[in-house]
Number of protein chains: 2
Amino acid sequence: MSQGNEGWATAPGGITAPQGFKAAGVAAQVRKKGCRDVALICSETPAVAAGLFTRNLFKAAPVLVSQEHLADGRAQAVVVNSGIANACTGAQGMADARRMADLTGELLGITPGLVVVASTGVIGGPMPMDKIEAGIRDAVAALSRQGGGAAAEAIMTTDTTPKECAVKFSLGGKDVVIGGMAKGSGMIHPNLATMLSFLTTDAAIERAALDAALRYAADRSYNAVTIDGDTSTNDTVVILANGLAGNEPVTLESPDYAIFLDALLYVCVELAKMIARDGEGATKYMEVRVRGASSEEGARQIARTIACSNLVKSALFGEDANWGRIVTAAGYAGVPFDPDKVSIWLGDLLVAAEGTGLVFDEERAKEILEGREVAVTVDLNQGDADGVAWGCDLSYDYVRINGSYRT
Amino acid sequence: MSQGNEGWATAPGGITAPQGFKAAGVAAQVRKKGCRDVALICSETPAVAAGLFTRNLFKAAPVLVSQEHLADGRAQAVVVNSGIANACTGAQGMADARRMADLTGELLGITPGLVVVASTGVIGGPMPMDKIEAGIRDAVAALSRQGGGAAAEAIMTTDTTPKECAVKFSLGGKDVVIGGMAKGSGMIHPNLATMLSFLTTDAAIERAALDAALRYAADRSYNAVTIDGDTSTNDTVVILANGLAGNEPVTLESPDYAIFLDALLYVCVELAKMIARDGEGATKYMEVRVRGASSEEGARQIARTIACSNLVKSALFGEDANWGRIVTAAGYAGVPFDPDKVSIWLGDLLVAAEGTGLVFDEERAKEILEGREVAVTVDLNQGDADGVAWGCDLSYDYVRINGSYRT
């Protein structure tokens, strides 16, 4: 199976790269003075839409409203604020999330049911609706084909860079673009914070195909930096497909499905890697590849467990070739395998084979770990399934950032 | 159900407090120059014994050897080294672990099958057997009724204090003592490091009762700082009961079983709390109580998930009343409950009710969080089962310690 990272022609920009999409990102003073904190995406025409949401028992109000609005598989706009999560906010929070959809719909001249809502930030505080409403008005006024970058900025919280990606390809002779933006889980332990990603495409595609493609791509991208079931109150991934490329609509059965799927996977994987690289306080990026597994899902689970281990992350920060922590994490990932067959590499350096440590070149290990990007490979030597996960190190800055997030 | 923390008469010392137990802790230069790093416990007579071991797929050689030796439910001595884990060491590691048992048995004049072996430290390196053998000889020579404290020192790795506890009580008119020592998982995320605990008692107790009591107590103590299934390569809890108190042997059916169980739970909970207090880099200790749950196991799982959350721990370090992170962790603990019924307290301050944030006294919250010990209470309001877990904050020092553990 392709890891979705080769052979694609990237296009400039992100969510406004496909035809018929405008966006805006404005500063409504919800987050920090002068930071963009309200984002809007709008398609010229109603789009086929699919979404994936947090599995946390505590679902933020915008998640509940968006699930409702996407139940018919259609959407035309997405409105997002950063700075406050509108989670654990009770009936008032639900009213506020609905108000965001209503106002956006009213200003755009579309039914509120076509508006997806998302929020990210501090959990539990009330929404400053006066600021958010003013922000939505400003965002509608600012909508443009060039607004993708501003929107990508407006969804950031502790992210240090906006995250955008777009890819251009051909479906039945028609040029098609998929664009996307994401906000980092902005963290080292990505299962605990909010990940938002919004994707747009001018491809024509049937709802079932769009839904299946989004699930497939998310499992191999966002879910490889975020452990399933361990999600925040607000996690949201939504895709809008407006069909303006004029291709024959993609169905689950058409040969074009595989092409669309691979292109979507490419965009999602690129955004997921950007999230890992921009982990809170991260000084290093880690790609964990597990191969020789009995199942692809098992391989991914082991890779995620390694990439999420505080001890592996701390050793990476300290540039310490403590491969025993990699072994330990693999061993408690909950996936059966024979420990006596396992080999481990740091970069291209084999450090353990047949489950046992080797005498290796510590100087070479140090060189590898001094890099900004470190590859960890685990070969289980018992099947032919592979999996990848992405993460980063655990640094002093993670603690600093998260010791005073609210204040 | 008792949390095992009330009404017990503690006795001085630890593993040598019960009759008929001697111990020693010596410096064999395995860990750091001059630090005690080989521990030995010995009962005058063969004892009924039970053990619990890591569920990690990678089991260290001493774990495999000890499981073998405890298969008959009997043991008389325990030999432990710190500094190196003897994990992922292949056939040589197995030979080394067996050699530790053989030599200990030979010097004590008992069969090697009565010797339990444990190691803790860096994974993957070879055992310095010359040093360890010399250490075992020294330890045998140093065995004494006063040696419990030295043994508790010798099993430490990044622990800052030795951990000992003993309790005295009566079974059928006979004085009985249970003693114990532990080494901290020595960490913030306790599911990733080695926890060792050794318990001794002069109670007479049948094997099935001892085994059941150990499992019960471990679930409510060590497993409340260590998530089941997420264990290191070396985790070991072993209890030896030599019967020298002369009580009528405790069986699962006898009324004395409940008394023994509560006393054992007391010792295990005290040791577990010491582990939490001494987490690597910890500046604060956290007790998480979950009440009103549908099941005790569910309550403990939610409590553990909260106590293990990097974001909760970072907020505790930063003294930030970010209760949203507590809610979030509860919501992904994998235990079903109605989020709209949940109340949360920091200390005695109610910060959320019916799943919704309250306006609370931030000054008072700050005072509570400035303490060295912080209680977090979550009431699910839907059943009558309770659970507790213990943890600590995530500090800069955690990262420092774990960035350079090997070096």
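**Strands, core and contacts in a predicted model**

Gly179(B) stands opposite Thr200(B) in strand E8 of chain B. This pair comes from a predicted model, in which local features need pLDDT of at least 70, side-chain atom pairs count only at pLDDT 80 or more, and totals for chains, interfaces and linings use all residues. Residues are numbered from 1 along each chain as its sequence is written, while chains are lettered from A and ligands numbered from 1 in the order in which they are written.

The strand names used here follow DSSP: helices (H or I, at least four residues) and strands (E, at least two) are DSSP runs, numbered from the N terminus. Two strands are said to pair if DSSP finds at least two bridges between them. Strand E7 (residues 174-183) of chain B is joined to E8(B) (residues 196-201) by six bridges, and the two run antiparallel. E7(B) is also linked to strand E6 (residues 163-171) of chain B, through nine bridges and again in the antiparallel sense. Within this pairing, Lys168(B) has Val177(B) as its bridge partner. The hairpin of E6(B) and E7(B) has two residues between the strands, and there Gly172(B) takes a positive phi near 55°.

Burial is judged by counting C-beta atoms, placed from the backbone: a residue is buried if 20 or more others lie within 10 Å of its own, exposed if 12 or fewer, and partly exposed in between. Eight of the 10 residues of E7(B) are buried, so this strand is largely enclosed by the rest of the structure. In chain A, strand E4 (residues 74-84) has 10 of its 11 residues buried, so E4(A) too is largely enclosed by the rest of the structure. E4(A) pairs with strand E3 (residues 38-53) of chain A over seven antiparallel bridges, and Ala47(A) stands opposite Ala75(A).

Further along chain B, six strands form an open sheet in the order E13-E12-E11-E14-E10-E15, with mixed pairing. Strands E13 (356-357) and E15 (385-392) of chain B stand at the edges with a single partner strand each, so one side of each is left without a neighbour in the sheet. E15(B) is joined to strand E10 (residues 285-293) of chain B by seven bridges, and they run antiparallel; one of the facing pairs is Tyr285(B) with Cys392(B).

The interior can be described through its nonpolar core (a set of buried Ala, Val, Leu, Ile, Met, Phe, Trp, Tyr and Cys residues joined through C-beta atoms within 7 Å). The largest has 293 residues, of which Leu40(A), Ala151(A), Leu40(B) and Ala151(B) touch the most other members. Helix H6 (residues 256-277) of chain B gives the most to this core, with 14 residues. Contacts are counted when C-beta atoms, placed from the backbone, lie within 7 Å. Leaving aside residues up to four places away in sequence, Leu40(B) touches residues including Ala77(B), Val79(B), Thr104(B) and Ala151(B).

Gly135(B) is found in helix H3 (residues 129-142) of chain B and counts as buried, with 27 C-beta neighbours inside 10 Å. Although Gly135(B) and Ala28(B) are 107 residues apart in sequence, their C-alpha atoms are 4.8 Å apart. Glu253(B), by contrast, lies in the loop between strand E9 (236-241) and H6 of chain B and is exposed, with 9 other C-beta atoms within 10 Å. Glu253(B) and Thr104(B) are 149 residues apart in sequence and 36 Å apart in space, C-alpha to C-alpha.

Key: Contact = placed C-beta atoms within 7 Å.
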